Every structure is written in C-alpha cells, then in structure tokens.
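Open your viewer and switch to a cartoon view. We will go stop by stop, selecting a few residues each time.

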Amino acid sequence: MRTKSLKKNKINVITLGCSKNTYDSEVLMGQLKASGKDVVHEQEGNIVVINTCGFINNAKEESINTILEYVDKKENGIVDKVFVTGCLSERYRPDLEKEIPNVDQYFGTTELPLLLKALGADYKHELLGERLTTTPKNYAYLKIAEGCDRPCSFCAIPIMRGKHVSQSIEKLVKEAEGLAKKGVKELILIAQDLTYYGLDLYKKRNLAELLENLVKVEGIEWIRLHYAFPTGFPMDVLDLMKREPKICNYIDIPLQHISDNILKSMRRGTTKEKTTKLLKDFRAAVPGMTIRTTLIVGYPGETQEDFEIMRDWVQEMKFERLGCFTYSHEENTHAYLLDDDVPEDVKQARAEEIMDLQSQISWDLNQEKIGHTFKCIIDRKEGQYFVGRTEFDSPDVDNEVLIDASKFYVKTGDFVNVKIIDATEFDLYGEPV
C-alpha cells in the first residue's frame, strides 16, 4: 500500500526582489540538486521556498502577499510545506513568526546550511560557485561581494545583509569559468557596492584587478557592471573599460539625489559638484558609455526647490538609463528618525515628472541610433519578435532590440549584428546584417 512518505517531493523556489536574490536562489537550487533533490524555479512543487525582499514597502508587500498565498495553499492541501528565507525574513522574523505562524520555518540571509538541512539536504562546501542558473542561458549574475558598509540614511540593506564581504578573485574566476562552460557569454557583476570591492581582502579598491582576470575567461564576451557607489569610485576601471572590448561601456551607478541639502541628510558623502564632475570624467574617459542611475523623490524634507534642482539636473545630464522611486520610510534606518513629510501624492507626481522627462531623453537618444549597426545578444523569442540587447542595455531594466521573427531568424543566445531601422522611447527595432 502506498503511503504519503513515498510521495516524491518537488521543491519550488520562488524569487522576489533583486538580482542578488536571484543569485542566492540559484546557489540554493545548485545545493539541492547536488543532494539529489528535485528542484524547480517558480513552477509547481509540493514544497515551497520563498526567497523574499525587504527593501522598500512595495517589495515587502509583494513578499508578504506571496507568503500568504502559499500558506493558504498549504491549508488547502495544495502544497505540503512552506519555508521563507531572504531579506524580509532576516529583518522581520519575530514579527513574521507571530503574524504568519503557518509557515514551517523562517530563515535569514546567512542561514543557507540550516535551510538546506530543513529541506533534507547537506551543505556541500566543495560546490562553491556551483549553481542552477534561472536566467536565459547566455547571461548570468556574478555576485562579487555581499553586504554594505555605507551609512546611507534611507537604506536598510546593512540591516538585512550585514557588513561588506568581498569574494576572492580566485573564487570568482573559477565561478566564471564554470558558467562559461555552461554556455554563459555575458557576466553581470553585482554587489550592494562594486566600488568597495576588495578593500576588506586586499586593503585596496580592487575592481580593476578582478576585471583584468575575468576578461581572460574563455567564452565570456561581455562583462557588465551593476551597482557602483559614486564616492571613491576606482577610476582605473574606466581605463580598462576603454581598452578592453569585453567590458561593456555601461555602468549602473545609483545616485539617489543631487540637491546638496538632501545628499547631506542622506549621508551620501558627496555633493552636486563632485557628482557632476565624476559623471563628466566618466564620459571623457569612455566616450559613448551608457550611464544608468536611480533617483529617490520625496525624501524627508525634500522641498519643491530640492526637487527642481534634481529635475533640471536630469535634463542637463541626459542619462541614457534612469529609474525613479518614491521614498519609503524604513524602520531602524537613520532617516526613520526624520518626519516623512512629503505627501504620497506629491511623491508620485514628482516621480512621474522625472520619468516623463526621461522618456523624452530616451526617445531623443534612441532616434540617434536609427541607421546604425550594433552587436546584440539575443535573449529570447517573445510573440512575433526575437528580443535582444546591445552592450548598452542590461536585461529586465533597459532597452530591448526587437527583430521581426516573421522576416528573420536568429538563434537565442547568439551574438548578431543588427541595424536599427526604427525606435521608440524604450525599444529599438532592427534587422540582422
């Protein structure tokens, strides 16, 4: 007679939040697979692991709603067990245990061995760098450091992720080689702060040396830099970017604000003058590079004048890529002591004004690309289009290049030269040449 204990368990890992969480889920899945477990990513499974985000209010709400959805499925017998890990769990575990007790167990961001044990698997040290990637086969994230030592007033990441800890160059090169063997052609370097890389291990900012080693990995054709802090940025990286074709002429450098009053309150360690000079130095060192940034509107004490300083500066700087968020008042951060005094409707209106402005900038910049040919990587086929990207675009957040699949065939995962024939604010339309 069959009993429930003979039922084949399938573990479904659900990832919420940023690319750093994606990386953590991939490591978890690699460990589970090595222990012989049947593991899937965001598909059907009777055991569910939710990797949560706790960064800002919207992300927290999404995480809580996902937990409640699967607890409900558990109560209705659709799934057997629900485990919760990640940033929300690290930050609010006592509250979550009290408010949503039907979760089987909660784990923090540094408790992978304990989570594996709860799932009936062993943590295998020899698997360092091994993971089951969930991204399209041609690109993967490479997390070069964990945590953050910056004192930014609005940010809860150090609470959830701890102090900055760099991974060694040797380990990261080995991981990159493993990814290349699996067909990965593009590495997206991520950390809470790329700028700080190496200070703890090598007593100096060592991003350039890491890049020098990664460009030697056979099979890797593009290396992209995400989340660099503006203060103390190692300028030798720009020299390398200019001379080394594998390093994309692209950088994601979250600036958050530009009014000196707000920058000081945010504890960013910089000024409008210094930031503007830094960006001009970037563009002088690497002509044609793409700069992506993110901004926060509605920070405590942000006046209409502060906002207008930022709006006018966005118009002046003409960022190739820009995202804008409304301020989220986060417990246990330095800014939580301030009065969250900008009304929600004003925050939203300011964010929309910045994004409307950016849409026009993006439209103008994209029109200039028409008639030019770019090397593109093809990520996927979607509907009637093959969808690719230039070196100036990161997956999920930036422009895409659309190729009409009824007229042309290109292979997913391949690099293709594409001539741009039309453009909108956020999409380019092209033909292979």
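This tour moves from a sheet to its helices, then to a core and to some single residues. Keep in mind that the model is predicted.

**Stop 1: the sheet**

Colour the strands first. Six of them form an open sheet, in the order β6-β9-β10-β11-β12-β13. The pairing is parallel. Which strands sit at the edges? Select 139-143 for β6 and 321-326 for β13. Each of these edge strands pairs on one side only. Neighbouring strands of the sheet are turned by 20 degrees against each other on average, direction ignored.

Now zoom in on β12, residues 290-297. β12 pairs with β13 in the parallel sense, over six bridges. Select R292 in this region, then R321 in β13: the two stand opposite one another.

**Stop 2: two helices on the sheet**

Select 169-181 to show helix α6. Helix α6 lies across β6 and β9, and β9 covers 186-190. Against β6, the helix runs at about 165 degrees.

Next, select 207-214 for helix α8, which packs on the sheet. Which strands does α8 touch? They are β6, β9, β10 (222-225) and β11 (247-252). The direction of α8 makes about 160 degrees with that of β9.

**Stop 3: the nonpolar cores**

The largest nonpolar core has 58 residues. Select I144 and L189, the residues with the most contacts inside this core. Helix α6 gives the most to the core, with six residues.

Stay with L189 and show what surrounds it. Beyond its sequence neighbours within four places, L189 is in contact with several leucines, including L207, L210, L211 and L214. Other contacts of L189 include I144, I223 and H226.

Another core lies apart from the largest one.

**Stop 4: the annotated cysteines**

Start with C148, in the loop between β7 (145-146) and α5 (157-161). Is C148 buried or exposed? C148 counts as buried because its relative accessible area is 12%, and the cut-off for buried is under 20%. Leaving out neighbours up to four places away, the contacts of C148 include I157, P158, H164 and Q192.

Move on to C155, found in the loop between β7 and α5. C155 is buried too, with a relative accessible area of 17%. Leaving out residues up to four places away, C155 touches F55 and T333.

**Stop 5: H164**

Select H164, in the loop between α5 and β8 (165-166). H164 is buried, at 5% relative accessibility. Now show side chains. The side chain of H164 makes a polar contact with the side chain of S166, at 2.9 Å. Beyond four places in sequence, H164 touches a list of residues that includes C148, D149, D193 and Y197.

**Stop 6: N206**

Finish at N206, in the loop between α7 (199-202) and α8. N206 is buried, with a relative accessible area of 3%. Which side chain does the side chain of N206 meet in a polar contact? Select E209: the contact with its side chain is 3.2 Å.

Not counting residues up to four places away, N206 touches I169, Y197 and G198. Lastly, select V237. The C-alpha atoms of N206 and V237 are separated by 9.1 Å, and the two residues are 31 residues apart along the chain.

Methods. Residues numbered from 1 in each chain as written. Predicted model: local features only at pLDDT ≥ 70, side-chain atom pairs only at ≥ 80, totals over all residues. Heavy atoms only, no water. Pairing = 2+ DSSP bridges. Helix = DSSP H or I, 4+ residues; strand = E, 2+ residues; numbered from the N terminus. Axes fitted to C-alpha atoms, helices over the stretch in contact; angles between N-to-C directions. Contact = heavy atoms within 4.5 Å. Buried < 20%, exposed > 50% of the residue type's maximum accessible area, 1.4 Å probe, protein only. Core = buried A, V, L, I, M, F, W, Y, C linked by side-chain atoms within 4.5 Å. Polar contact = N/O pair within 3.5 Å; in protein donor to acceptor, adjacent residues only side chain to side chain.
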